[in-house]
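User: I'd like to learn how to read a few features of a model. Could you walk me through one?

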Amino acid sequence: MPIQTTPNIWHNGKLIPWEQANIHIMSHVVHYGSSVFEGIRCYKQPQGSAVFRLPEHMQRLLDSARIYRMEVPFTLEELCAGVVDVIEANGVAPCYIRPIVLRGYGEIGVSPKGSPIEVYIANFPWGKYLGGQSGVDVCISSWNRLAPNTLPSLAKAGANYMNSQLIHMEAEVNGYAEGIGLDVNGLVSEGSGENVFVVRNGVLYTPPLANSALSGITRDSVLTIARHLGLPVTEQALPRELLYIADEVFFSGTAAEVSPIRSIDRILVGDGKPGEITKKIADEFFAIVNGLKPDRFGWLTPVKVSNNEPVTA
Ligand SMILES: Cc1ncc(COP(=O)(O)O)c(C=O)c1O
């Protein structure tokens, strides 16, 4: 879906017009994929609008930058304030927020030393990413996720998404909504842009981060909600075939939120309908982000948006 533009983008501490947020073709990032970024949602609520888990996202951005030795000239607080500023200046909520740190225009060698660090934060309206609450049909990808000690999975780096594109494109051309990647040892890792959860015999499972999964903020939120609901939760390595015999499987992610999976490789998950535990967790998640239940975990940062725009997609 085409991006709906907004008036301003935050660049290195200042708001600039959307049309002026450009980089040169010879920038380091264009040739070598040298960027780290975030994807964050701001929800509209009866009492106003609020960004979901803003400090956690911006801390992950700083962590990703640190892994790649990128020195970000802004503190966590300054970056969080930048997100609030750009949302309030643009007056768009609900919205999706895309902060990005990249290596800009300087030198052409692989060494990033002479290329300046640039920080941008954009926000724009964005709707549902996967099929909503009825469940999506997915496949196991023939592409593995990133092997340990190659591209680090805990960094949310632009370059990682070349692998995500392979997984997602393969799924799409074969008629699936999404693909699940196995790690280099054939164990379940994650979707191209989502973490994976499995329910079997009343226990909630998700792969540990060592299986080349991103440390998802929504993953952490699901684990927190599940523990709060008194559900048994286990982070452990999962063989591929467990997905075929699971009672319930769902994705978590900022874009996907909590999305039930209906089938995997054309094998129905359970009876093909969203399961009870998935529903319980999704209900709790959406109640919190939509402001219908108290923010008991302190996950919401309020923003003042007077000109709320509906998400059209
Ligand atoms: C590869 C990958 N895994 C998992 C996730 C879910 O992470 P989060 O819940 O922080 O959005 C994402 C989305 O950012 C992703 O791109």
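**Strands, core, domains and ligand shell**

Analyst: Let's start with a hairpin, which joins β4 to β5 through two residues. Strands here are DSSP runs (E, at least two residues) and helices likewise (H or I, at least four), numbered from the N terminus. Keep in mind that this is a predicted model: local features need pLDDT of at least 70, side-chain atom pairs count only at pLDDT 80 or more, and totals for chains, interfaces and linings use all residues. Residues are numbered from 1 along each chain as its sequence is written.

User: How many bridges join β4 to β5, and which way do the strands run?

Analyst: Two strands pair if DSSP finds at least two bridges between them. In this case β4 and β5 run antiparallel and are joined by four bridges; Lys44, for one, has Ser49 in β5 as its bridge partner. On β17 (residues 300-303), Val303 stands opposite Ser49, and four bridges join β5 to β17, again antiparallel.

User: Why is β5 largely enclosed by the rest of the structure?

Analyst: A residue is buried if 20 or more other C-beta atoms lie within 10 Å of its own, exposed if 12 or fewer, and partly exposed in between, with C-beta atoms placed from the backbone. Strand β5 (residues 48-52) is largely enclosed because four of its five residues are buried.

User: Which residues touch the most other members of the largest nonpolar core?

Analyst: In soluble globular proteins, nonpolar side chains tend to be buried together. A nonpolar core is a set of buried Ala, Val, Leu, Ile, Met, Phe, Trp, Tyr and Cys residues joined through C-beta atoms within 7 Å. Here the largest one has 73 residues, and Val51, Ile87, Ile97, Val198 and Val249 touch the most other members. This core draws at least three residues from each of domain 1 (8-124) and domain 2 (132-274), with bounds from an automatic or database domain assignment.

User: How many residues of domain 1 are in contact with domain 2?

Analyst: Contact means C-beta atoms, placed from the backbone, within 7 Å. By that test, 16 residues of domain 1 meet 12 residues of domain 2. On the domain 1 side, α2 gives the most, with five residues.

User: And which residues come nearest the ligand?

Analyst: A residue is near a molecule if its C-beta atom, placed from the backbone, lies within 6 Å of it. Of the 14 residues around the ligand, Gly216, Ile217, Thr218, Gly253 and Thr254 come nearest. Both α5 (217-228) and β14 (248-253) give two or more residues to this shell, and α5 has the largest share, three residues.

Technical notes: Two residues are in contact if their C-beta atoms, placed from the backbone, lie within 7 Å.
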